[in-house]
Amino acid sequence: GCFVFKPSAKKRKLSQRTAHEFGIRNDDSEDTELRFVTCQSLWNQIKSETEKIQEDLNKQLLDNLVSFLRRSHSEFEEKTTEWICRMKVREIPTAALVLGVNVTDHDLTFRSLSDFLQNNITPYIALLEAKDCPGIKNLMQKLMGQLMNCCVDVDSLEDEDYVQVSQNRIRCSMSSLIKWYESVTKKTDSETPSKRSSSSTHWQSPPVVVIFKDMESFTTKVLQDFVVISSQHIHELPLVLIFGIATSPMIIHRLLPHSVSSLLCIELFQSLSCKDHLSTIIDKLLLTTQFPFKLGEKVLQVLINIFLYHDFSVQNFIKGFQLCIVEHFYSQPLSVLCCQLVDLQKRVNSLSHNQCENIRRLPSFRRYVEKQESGKQIALLTSDNFLKEETQRLLEELHVYHENYVSVLRCLHVFTSSLPKYPLGKQIRELHCACLENQVWETEEYESSLQLARMLNKSDLVTMLQQCVEILLSSSGKEFDQTVEKLKKFLTQFQNLEEAFQEQDGSVSSQKELQKKTDLYHLQKTLLELKESRRSKKLTKFEMLRFEVVDYIDSLVRKYLVPADHRTLHEILYFNTAAVLRGHLNAAPRTALHTALNNPHWYLKNQALKCDGGSISNKAPDICIVYKLHLECGRLINLVDWLEAFSTVVMAGEEPNADRASSDQMDDIIHARFIRAVSELELLGFIKPSKQKTDHVARLTWGGC
Amino acid sequence: MSRIEGSGGGRRRVLQVKFVPDEEVLKHIADDTGIKVRKDKPQPSINLKRFVKKLENISDDEAQEILEEKNYVATLGICAQDPMGNGTSVSGGEVYSFQTPKRSSKMAELASELAHTPEQNVAPDRSKGPEKTAKTPQSGSNVMWAEIVWKCNLKKKEFVSTTPYRLRRRLAAPDSYLESESEYSASCSEEEDDEDQQQVNTVLSGQKTSAKTKAAPTPPPRNSLAKKNKEEKMSNLVEEYFEAHSSSKVLTSDRTLQKLRKRRLNQETLCDLLKKAPLAYAAEIIELNQQHESLFSKWMLQLHLGFNIVLYGLGSKRDLLEKFRTSLLQNSVHLVVNGYFPSITVRSILNSITEEVLDHIGTFRSPLDQLEFITKRFKEDSSLELYVLIHNLDSQMLRGERSQQILAQLSSLPSVYLIASIDHINAPLMWDQAKLSLYNWLWYETTTFNPYVEETSYENSLLVQQSGSLALSSLTHVLHSLTPNARGIFRLLAQYQLEKKDNPSYPGLSFQDFYQQCREAFLVNSDLTLRAQLTEFRDHKLIRTKRGADGVEYLLIPVDDSTLTNFLENQDEDV
């Protein structure tokens, strides 16, 4: 069943071909080369950025781990009394690394961890996975294989004889491991000082680190055995274990009985939660002006939902982001303009006539043209040069818009994230989605959050304003000088209020009075009076100021947080075809089958197949008819009945003038068609042969599909 | 004979007869002309049908489900505006819900309905005119079929009587989904519904009271209803499921293909016949496929960017992939794996990579070792690249956990580009998160509606005559290499088996009897020689031994009768 095809001719170069494929698009293949290059460079930028983020986030964790390793190591080295104490009870230093449920992301963490350790602590690192270690023997084999290989790496190739000792020939046991360790450490001892100093990051007898990548999937027996055995040898071999844990640290105690877990000296390390990781990624990739490419609301929603509802995997999120980029640059010919501002002018000027037409076809651009006065309209539609100038201006505006958008969004988030019940969401991504979706100030949630903001107390308000000032100052937008001025003015006003506040203390006295009264009637009366007075009372200065502040924030939102798809030429920078993305990443194969079987008209645009409601026409493809008929059956299906029913339907669907003479042959053909359709259903997994009754098949699905 | 004219109406009546109470059935048997009843019968039968359908709605209240699904769908950001996308409008509830266990004649009923659809387009109220039903071309087999079904129904009278009980039980549950339309009602004429509804009560005197309770309750307030319904539905679903699966007795008709006197087709004749049958909607299918073909360059691009591509959707994707291969992969090393091939293994895939792509001679201890070797080679040599096309990644042989793990790891190599197709409805269950991230799939819906010709040809299909020619030739070949005596022994056994072919509970020939017969024919002289001979047969899988209840050894040739007859005839010719 396997066939290999080798080309006779010499292959073409790969890099050329990729670019070439980008070009093989049916019609408007404009600037494909440039688009591809832009796409690639953008993706590489983003990729390195995400890697950097990941590194930064893991740094804390890695530092903690390293210091832990150092501690356990130094004790071994110095042979302090404490170490001896521990040796007596044979405790293995163990780091329990809680990584979270997004197992697919762990690989990256482990890779950076092992690299980091390799550079800083010890060359002797073994990464073990549960699927490689069904038994203790396999585990030892794997462990020794990895350790001895890595030691070869470090010691370079000067001792050839060592390399030749293949892992298979060594008996895989703890004692041989210890022997190996001794020989290795001795070798490093005896080596020339110059060599030692070159690898000075490692100590004299570096610890052997064994990492269990997925602790939960290891069989209990294997783990127990390994721990017990290695604890016997801990005084000869400075072993350190690292458990990668996806669920909770409790799992160690569930997997290992007390007698075994008491041999471990466990220290817990918590990695950053994947949600925080995602927030950082969104913060650094989307809410920044660094990259010209942006995600539209629906696309972002899809990506976030896949993350939240399906896998919690940041890697998948980034993969989705990559797909968005590729898809955008592939399908949008104008994406050539999706570049840094510095390149923009050159690219706009070199646009071809076709591309200009493409611009004119953009819906947002059309809306824009309609709003212009007639003279400009004509110029925009006829003169390419004018169009180019205008395009450049608009795109620059779009960039500026995004800059301002981000800053104001952050300011708004400062306000909304501290409100009770978070009407606009706790995370900035929720706010971002809300703002991209439509004009946020028209939503109820925004209304209620403004209401709540009007009830904030002073100290909160002041700190928020200060935060806003910081955000605006740090932003690259140039328009915010005035805004910052204004906010600062607010802040000073609040300051001044404090002095004024002492003077008017009228209301407090009335409350004191209130406490004196014990009579219910009087109490009620005073309360009513109080209420009256409060309603009629003029707002205090503080309240006035608070209103002013909130109104000002509101005006900022209305000015800057216009949804992106209201902006002209947003199609060039914003990717918004969520359906494509969803189809590729979060597909529903069963739904597609269901549709094809129940409603073939969806795919085959033939009038004969068109029908209403749940039924299908009797001219539908055989498999649809057979499928539809089998839905009516219970657990078992009688093939004869099925065949009869099928032939009835098909006969009715045939032309009435069919030859009577050939009816026998027709019968056979229908029989054959039936057989084909049934075996296709079997292939699809709807039915299977059954031995319960002769000529019966069992149904495997319930319900519509 | 006025039979033909009335057969349309008559047939439908017959189809629905299962839902009619006993006395009506008896009445029906009593009248033999069929014309007399025709005047008033069609009406009740249709009503009955509608009634039954409404009852079905009681248990599968999908409307609510769909509503909730829609919410989820909305949060996922689906937009129905997608023109080519799969049927996103279909909600999960519709796809996955349980359904009530159906009565066996429902299929026949639906068949008749479907058979009448075009006619219905012309004239919405078909029930009224027998002259209209007479318009349909009635073939001979139709009539015959109707009669068969009729007879079957008579046989299963005890089942018929159970139906009303079931109905009554369903009715006991409070119901508010009366107003929701039945799934299949579209094929009934809508206009009749109202009057039918009223007639149901009068016609079905036996179920009158229950029908009234059904119609009576006013729907409670909406929101509380939703909750209540959900709980109810859950318990209902569970009950239905176990009801369907608990009883070992399944009520289906006892007819077999043999009684139908339809000869079993073998693979060749099947192919011939299918070639004669024109492929329906060829033009549309071609158009559909062309849409997919326009994506080839995009696939190529995405493969190069580190994604792998998986194709799903109804219809064979073999031709599509084949076209992709011939049009774009001619200049590169690629591996085609026919997953549907019954003896494919991961090992053979890995072997062909190591041996033919990497030109490595030597064996490996385990597939994991082999994979490691491949990984190493691909990492060392960055100019090496390989396209892997797998037809039916979800086939029986490849769907195992270990195979998928290996394939996933293989596909995660940066210079291995995998493009695969899946067909089975549960195929995505093969992959957990770890494998999915290794595969790094991009999903493409490619519904082609092409028949699965190659994919199903290997399958030992249900209706296709099995192992015919192959078994025969192997029999002949093995026998040729044996001594004349041994041939004679086998021949004896075969003849005996053919004699007993009409006995369905034939256990095989007991060893002692066989020994006796062989002795009489001067074929063996001791029971040891016979045993030695039988061992040889067994090693060649010519016979099978089975121990009976009494501990006696029985011998059987595991080949079907026609092959055996053929074999004996051939032998005679040779002699």
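Select B:Leu311. Its bridge partner in strand E4 of chain B is B:Ser421. Strands and helices here are DSSP runs, numbered from the N terminus: strands (E) have at least two residues, helices (H or I) at least four.

A word on the model before the next stop. It is predicted, so local features need pLDDT of at least 70 and side-chain atom pairs count only at pLDDT 80 or more, while totals for chains, interfaces and linings use all residues. Residues are numbered from 1 along each chain as its sequence is written, chains are lettered from A and ligands numbered from 1 in the order in which they are written, and side-chain values use heavy atoms, without hydrogens and water.

**The strands of chain B**

Select residues 308–312 of chain B. This is strand E1, which runs parallel to E4(B) and is joined to E4(B) by three bridges. Two strands pair if DSSP finds at least two bridges between them.

From E3(B) the chain passes through helix H21 (residues 401–411) to E4(B), a right-handed β-α-β crossover. Right-handed means that, with the strands pointing away from the viewer, the path from the first strand over the helix to the second runs clockwise.

Select E4(B) itself, residues 416–421. Six of its six residues are buried, meaning under 20% relative accessible area with a 1.4 Å probe and protein chains only (exposed is over 50%, partly exposed in between). Which residues point which way? B:Val416, B:Leu418 and B:Ala420 face one way, and B:Tyr417, B:Ile419 and B:Ser421 the other.

The range is 45% helix and 17% strand, with end C-alpha atoms 15 Å apart.

**A helix in chain A**

Move to residues 663–684 of chain A, helix H32. Of its 22 residues, 17 are buried, so H32(A) is largely enclosed by the rest of the structure. Just after H32(A), find A:Gly685, which takes a positive phi of about 90°.

Select A:Cys633: it counts as buried because its relative accessibility is 5%. B:Cys518 counts as buried at 0%.
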